Structures are given as structure tokens and as C-alpha cells.
Amino acid sequence: MKIRKRILGVVLAATLVVSQAVCVFATGSKTATTGISQEFKDTYASETVTQDTLKDIPDDKMSKENKAIAEKFLSGDIDGAIELIKESDPEIAKELEEYKDVLTMQYIKDLSKATKNKDGKYEIGFSLPNKTANTEAIVLNFGFNTQKWEISKLKGKDNQNLKAELEDPGLATVLAKKK
């Protein structure tokens with residue numbers, strides 16, 4: 001009986017030690033620290049997109065059809081979103097076919113403090129700490145003024161300060177694919 005108690009004690013102690021060690025190896029959420037880079041935080045107003053955010057965007061800024069596309073991206077149904085984009089813009093949809101992961105969605109509300117570059121576009125900064133070296137990412141933005149989808153390549157090597165160019169405020173979705 002004493003041997004069984006000792007064995008049970010050792011097993012319980014080992015379980016306790018292992019369970020505490022497992023927490024050390026856990027990784028954070030994919031979107032926990034993604035969003036706008038610190039360098040740009042005072043340049044424009046934005047917020048991470050949720051279901052409530054999409055509902056609050058006025059219909060004159062984003063039609064119900066385009067909100068349906070954004071909802072599919074938000075829920076992770078990228079193929080479904082691309083299918084819906086094909087109806088209005090087959091060229092954009094073709095460029096998105098290989099992208100299988102949403103890294104972040106940002107509602108870019110106000111660019112009044114931002115300046116335009118020589119191409120007439122606003123420079124936006126993203127922080128994507130969970131983007132790996134074998135991942136290529138782009139920004140798909142629905143522009144509220146132009147009422148169309150646009151793609152911008154992310155520039156830079158520091159995942160905390162990746163830059164994209166947008167025509168106007170909108171719903172910016174960062175999509176990723178394996179290289």
C-alpha cells in the first residue's frame with residue numbers, strides 16, 4: 001500500500017510539473033498584437049474590425065454586398081469572399097486566389113492627418129508580429145470614397161512597421177499566403 005501511495009505521489013507531482021511547463025510554450029493569438037504600427041498611430045484613426053464594427057459602417061460607405069464579402073473574410077471564409085468579389089471585380093479576385101489566411105482587418109476611419117505620397121496615395125503602417133519569413137502578405141482595401149476594392153503590396157522587412165499604400169479610408173484586410 002505504501003508503494004502505491006508513493007507511485008501515485010510521484011505521478012501527481014510529475015503531472016503538476018508538466019502541466020505548468022506546457023503554459024510556457026503556448027503562443028499568443030494571431031491577431032492579439034496585429035494592427036496599426038506604432039509609427040502611424042497618430043496619423044490616422046482606425047480600429048480592429050469585429051462583427052459590430054461591420055454593422056456600424058453606414059451603407060453609403062459600404063454596400064450590403066461588400067459588407068457580406070468583409071463578413072466572409074472576418075469569419076475566415078476566404079474562398080467564399082473571393083467568389084463574391086469575382087462578381088464585381090474578377091481581376092482582383094484572380095490576384096487573391098492563393099491567399100488563404102487573414103492576419104488582420106482594420107477599419108481605417110480618418111486619414112485627415114495623413115499626407116499623400118508622390119503617387120497620390122496614403123501610406124499606412126501595419127504591425128504583423130506573427131507574419132513569418134515564408135509568408136507573403138498584401139492589403140486588400142475597400143475604399144469608402146472610390147467604392148472599390150484595391151490591392152496594395154506590403155513593403156518593409158520589420159514586421160512591426162510594414163507599409164502599404166491606400167487611395168482612401170476604408171476596410172483594410174491583410175491577407176497572407178505561403179511563398
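How many of the six residues of strand β4 are buried? Five of them are, which leaves this strand, residues 122–127, mostly covered. Keep in mind while browsing these close-ups that the model is predicted.

**View 1. Strand β4 sits alongside strand β7.** Here we're looking at β4 and its partner β7, which covers residues 162–166. The two strands run antiparallel to each other, and five bridges pair them. For a landmark, find Gly125: the residue standing opposite is Lys163 in β7. As said above, β4 is mostly covered, with five of its six residues buried.

**View 2. Helix α3 has its buried residues on one face.** This helix takes in residues 64–75, 12 residues in all. The buried residues are Asn66, Lys67, Ile69, Ala70 and Phe73. Looking down the axis of α3, you'd find these buried residues within an arc of 155°, so they line one face of the helix. On the face turned away from that buried side, α3 carries the exposed residues Lys64, Glu65 and Ser75. Just past the end of α3 comes Gly76, with a positive phi of about 90°.

**View 3. Four aromatic residues join up in a cluster.** The members are Tyr107, Phe142, Phe144 and Trp149, linked through ring pairs. The count of aromatic pairs comes to three. One of them is Phe142 with Phe144, an edge-to-face pair with ring centres 6.4 Å apart and 65° between the planes. It counts as edge-to-face because the angle between the planes is over 60 degrees. Both of these Phe residues, Phe142 and Phe144, are buried.

**View 4. Thr135 belongs to strand β5.** The strand spans residues 135–143. Thr135 has a relative accessibility of 11%, so it counts as buried. Leaving aside residues up to four places away in sequence, Thr135 touches Ala176, Lys177 and Lys179.

**View 5. Gln147 has a positive phi in the loop between β5 and β6.** The phi of Gln147 is about 55°, although this residue is not a glycine.

Methods:
Residues numbered from 1 in each chain as written. Predicted model: local features only at pLDDT ≥ 70, side-chain atom pairs only at ≥ 80, totals over all residues. Heavy atoms only, no water. Phe/Tyr/Trp six-rings, centres within 6.5 Å; stacked < 30°, edge-to-face > 60°. Buried < 20%, exposed > 50% of the residue type's maximum accessible area, 1.4 Å probe, protein only. Helix = DSSP H or I, 4+ residues; strand = E, 2+ residues; numbered from the N terminus. Contact = heavy atoms within 4.5 Å. Expected span 1.5 Å × (residues − 1). Arc of directions from axis to C-beta. Pairing = 2+ DSSP bridges.
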